Amino acid sequence: MRSGCEHPRQGDALLIIDMQRDFMPGGALPVPGADALIPTINRWVAFFSSHRWPVIATRDWHPRDHGSFAVQGGDWPVHCVQHSAGAGFAEGLKLPEDVIIIDKGVRAESSGYSAFEHTGLEDRLRKLGIRRLWVCGVATDYCVLASVLDALEHGLKVVLLSKAVKGVDVHAGDVDRALERMREAGASIVDDEVPDAQ
Ligand code: VGL
Ligand code: ZN
C-alpha cells in the first residue's frame, strides 16, 4: 500500500461504484460496512467538485429478469431493480448536481459488473479528457474489480482508494485477491485521505 504518492489533478475524475441502498446494511445484497464509507466518499466528492473535476457515480441497474438473480439461476438475490427504492443512491451520499450517472448491468444476459460494459463510459471519459480515475465504492471483489481492470485495459490510469471501498468476501480472501489483481494490472492502491483543499 502506498500513500501520499498521488495527488489529484486536471484530467482526473472520481468514479464512485454502486453506492446504492441495496448494497447498504439492511438492503437486498448488503456489503458489510458499506454505509461507513459514505462520509469518506462525501469528502472526496467535495474535493473533486471544488476543483470542478468530474464526479461519476455508477448504478447497478438491473431489469426485473436479470440473469444474476438466483430466481434466474444466478448467484445473487434480487437487487438494484431499475427504478426500485433499493436501486436509489445510499442515504446520506452527497452527489453534486452535475454528477455523471452511469447505469450498468442493464442487459439481462450479462453480469454487468463493469462500469465500462455497454455503458458508453469510455467515450464519455475521452470526450472529457479524463486520463485517470480515482475509484471508490462497492463491491471491491466484484464491480470495483471489474471496473478497474477494464479502465486499465482502456489505457486509463487508476488510483484505488483503499479506505473508500468495501467488498463482500463470499470466499474468504476474495477482497485481498481482488486488490492484488488490481495492483498487478497497474492500479495504484493508496490509503490516502482527502488532501487539504488548495
Ligand atoms: C455487485 C454483485 C452483484 C457490485 C453488483 O456492485 O459489486 N455485486 N451486482
Ligand atoms: Zn448486480
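**Note on the ligand and zinc sites of a predicted model**

1. The shell of residues around ligand 1 comprises eight nonpolar, one polar and two charged residues. The model under discussion is a predicted one.

2. The members of this shell are D18, F23, L29, D60, W76, H79, Y113, V138, A139, Y142 and C143. Both D18 and D60 belong to the charged class, because Asp counts as charged.

3. An N or O atom in the side chain of D18 lies 2.6 Å from an oxygen atom of the ligand. A nitrogen atom of ligand 1 is 3.0 Å from a polar side-chain atom of D60, and a nitrogen atom of ligand 1 is likewise 3.0 Å from a polar side-chain atom of H79. On its own, ligand 1 has 260 Å² of accessible area, of which the protein covers 97%.

4. As to location, the space that ligand 1 takes up is the largest cavity.

5. Which residues coordinate the zinc ion (ligand 2)? They are D60 through OD, H62 through NE2 and H79 through NE2, at 2.0 to 2.1 Å. Along the sequence, the donor residues follow the spacing D-x1-H-x16-H.

6. The zinc site has four donor atoms, with angles of 88 to 167 degrees among them, and is classed as irregular. The site is not counted as tetrahedral because that class requires all angles to lie between 85 and 135 degrees, whereas the angles here reach 167 degrees.

Terms used. Residues are numbered from 1 along each chain as its sequence is written. Chains are lettered from A and ligands numbered from 1 in the order in which they are written. This is a predicted model: local features need pLDDT of at least 70, side-chain atom pairs count only at pLDDT 80 or more; totals for chains, interfaces and linings use all residues. Side-chain values use heavy atoms; hydrogens and water are left out. A residue is near a molecule or strand if one of its heavy atoms lies within 4 Å of it. A polar contact is a pair of N or O atoms within 3.5 Å; within protein, one must be able to donate a hydrogen and the other to accept it, and residues adjacent in sequence count only if both atoms are side-chain atoms. Accessible areas come from the Shrake-Rupley method with a 1.4 Å probe; for residues, only the protein chains shown count as cover. On a 1 Å grid over the protein atoms alone, a cavity is a set of points where a 1.4 Å probe fits but cannot get out, and a pocket is an open set with protein on both sides within 12 Å along at least five of seven lines; lining residues have an atom within 4 Å of a point. A molecule sits in a cavity or pocket if more than half of its atoms lie within 2 Å of its grid points. Donors are N, O and S atoms within 2.8 Å of the metal (3.2 Å for Na, K and Ca); water is not among the atoms, so sites may look incomplete. Four donors count as tetrahedral if all angles lie between 85 and 135 degrees; four count as square planar and six as octahedral if opposite donors are over 155 degrees apart and all others between 65 and 115; anything else is irregular.
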